[in-house]
Amino acid sequence: MQLRLITPAELEQAALLAHSIFRKAGDTSMKELFPLIFSPGYTHSYAAVAEDGNIAAFMGLVPSTIRTGEALLNVFSIGAVCTDPAYRGQGLAGQLLQLCQTHAANAGASLIFVSGDRSLYTRAGCVPFGGTQFAELNASSAHALAAAAGEEWTLRPMQPGDFFAVNRLLNEREAGQVYSPGELALLLGAEAYAGVLGLSQRTLVAVRDGSIEGFAAMAVPAADVPAPSPATAVEWAGQPQAVAALLAKAALCGGVGTLQVPVPWQERSLLALLRDAGASLSAGANSGTVCIADREALLRQTEVCRKRSLDLSSVDDKELISLLFDPASPLRTSDSLEESEAIPLPYMSGLHFI
């Protein structure tokens, strides 16, 4: 058994293995849902390859950059983790995870985000992180939100000519994945998170005086098809009132019922609009788990976000993640970070879901 970087020629076989584990007949393929993992190119993913050349286990590893305030975080995300049933029980996934962690550290990444929270990851140091308010819009609160947002915008489906304007809005957020227009087009077309939920993706923009001031992508039920999951807002950007108008419109569409909106803690203006409209809110962590790839890289990449020098030498990795990214961290004291100094992160189950 070889455990190594997968070659581009082996990605097709890895995608078929992942599809056999995670998808069912008639579903969109894993290759189509996750082009950042399975498209040919310079790959960062790892596989366990049996002596006959078959992929016994696979772990997708995808690099990206997150902008938060004035800082840029170089990170990796792990997903599409699977093992052929014939090779289970050999600890292959754990060994692949170690290789991925080493790869990320050698590449200069600060963090590794994982879409899961099972013991495979928690044993390797992955922990919950950040803070999110989970809002739920029903018909009543959606009508109230629409009224509060006003009627200043024309709300319409996103068109190909909107990509530069939408990408600008996404890259202007306080915290978010850094997209190029081409990558944005690829991910909007892949509809990864909507596909995982068994829903269809709908993208809308809010236009005023010829300018796009809001964008939202939502995972919603397909027409006349029973919904396996609640409708969910996947990603958005722009003026809070414009985004609120888009969310309300999506929630009031026939067949949606209720719309789940996971709002990162730093988006206070949107949260206030949702709260005042009567949306139910519950607090939780961000999506998935995270571990530190390289502690020095993390401290270096977040230095511009930390408003004062701190002695973090006695803080372990779990505590450091809490102190840096959780606005309600129980570790915060008068001698540590203040609540306002928590570093915002995007909600990780968005367009860039891995």
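Figure 1. Searching the whole structure, which is a predicted model, gives five aromatic pairs. Phe-34, Tyr-193 and Phe-353 are joined into a cluster by ring pairs. A pair of aromatic rings is described by two quantities, the distance of the centres and the angle of the planes.

**Figure 2. Packing of helix 6 against helix 10.** Helix 6 covers residues 139-149 and helix 10 covers residues 240-251. Their axes lie 8 Å apart, and the packing angle is about 150°. Angles over 145 degrees count as roughly antiparallel, so helix 6 and helix 10 are roughly antiparallel to each other. The crossing of these two helices is left-handed. On the side of helix 6, the contact is made by Ala-142, Leu-145, Ala-146 and Ala-149. Helix 10 contributes Gln-241, Ala-244, Ala-245, Leu-247, Ala-248 and Ala-251. By class, the contact of helix 6 with helix 10 comprises nine nonpolar residues, one polar residue and no charged residue.

**Figure 3. Crossing of helix 10 and helix 11.** Helix 11 is formed by residues 268-276. The axes of helix 10 and helix 11 come within 9 Å and cross at roughly 45°. Helix 10 is therefore oblique to helix 11. The crossing of helix 10 and helix 11 is right-handed. Residues of helix 10 in the contact are Pro-240, Gln-241, Val-243, Ala-244 and Leu-247. They meet Ser-269, Leu-270 and Leu-273 of helix 11. The contact of helix 10 with helix 11 divides into six nonpolar residues, two polar residues and no charged residue.

**Figure 4. Crossing of helix 7 and helix 8.** Helix 7 consists of residues 163-171, and its axis comes within 10 Å of the axis of helix 8. The two axes cross at roughly 95°. This angle makes helix 7 roughly perpendicular to helix 8. In helix 7, the residues at the contact are Phe-163, Phe-164, Val-166, Asn-167 and Leu-170. Their partners in helix 8 are Pro-181, Leu-184, Ala-185 and Leu-188. Eight residues of the contact of helix 7 with helix 8 are nonpolar, one is polar and none is charged.

**Figure 5. Two non-glycine residues with positive phi, Glu-191 and Asp-209.** Most residues other than glycine have a negative phi. Glu-191 has a phi near 55°. The location of Glu-191 is the loop between helix 8 (181-190) and helix 9 (192-197). Glu-191 counts as partly exposed because its relative accessibility is 26%. For Asp-209, phi is about 50°. Asp-209 belongs to the loop between strand 9 (200-208) and strand 10 (211-220). With a relative accessible area of 80%, Asp-209 is exposed.

**Figure 6. Surroundings of Leu-345.** Leu-345 lies in the segment after helix 13 (317-325). Is Leu-345 buried or exposed? Its relative accessible area is 5%, so Leu-345 is buried, the cut-off for buried being under 20%. Leaving aside residues up to four places away in sequence, Leu-345 touches Ile-66, Leu-73, Phe-113, Phe-129, Ala-175, Pro-264, Gln-266, Asn-286 and Phe-325. Gln-301 is 44 residues from Leu-345 along the chain, and the C-alpha atoms of the two are separated by 13 Å.

Definitions and conventions: Residues numbered from 1 in each chain as written. Predicted model: local features only at pLDDT ≥ 70, side-chain atom pairs only at ≥ 80, totals over all residues. Heavy atoms only, no water. Helix = DSSP H or I, 4+ residues; strand = E, 2+ residues; numbered from the N terminus. Buried < 20%, exposed > 50% of the residue type's maximum accessible area, 1.4 Å probe, protein only. Contact = heavy atoms within 4.5 Å. Phe/Tyr/Trp six-rings, centres within 6.5 Å; stacked < 30°, edge-to-face > 60°. Axes fitted to C-alpha atoms, helices over the stretch in contact; angles between N-to-C directions. Parallel < 35°, antiparallel > 145°, perpendicular 65-115°, else oblique. Left-handed = near helix turned anticlockwise from the far one by under 90°. Nonpolar A, V, L, I, M, F, W, Y, C, P; charged D, E, K, R; others polar.
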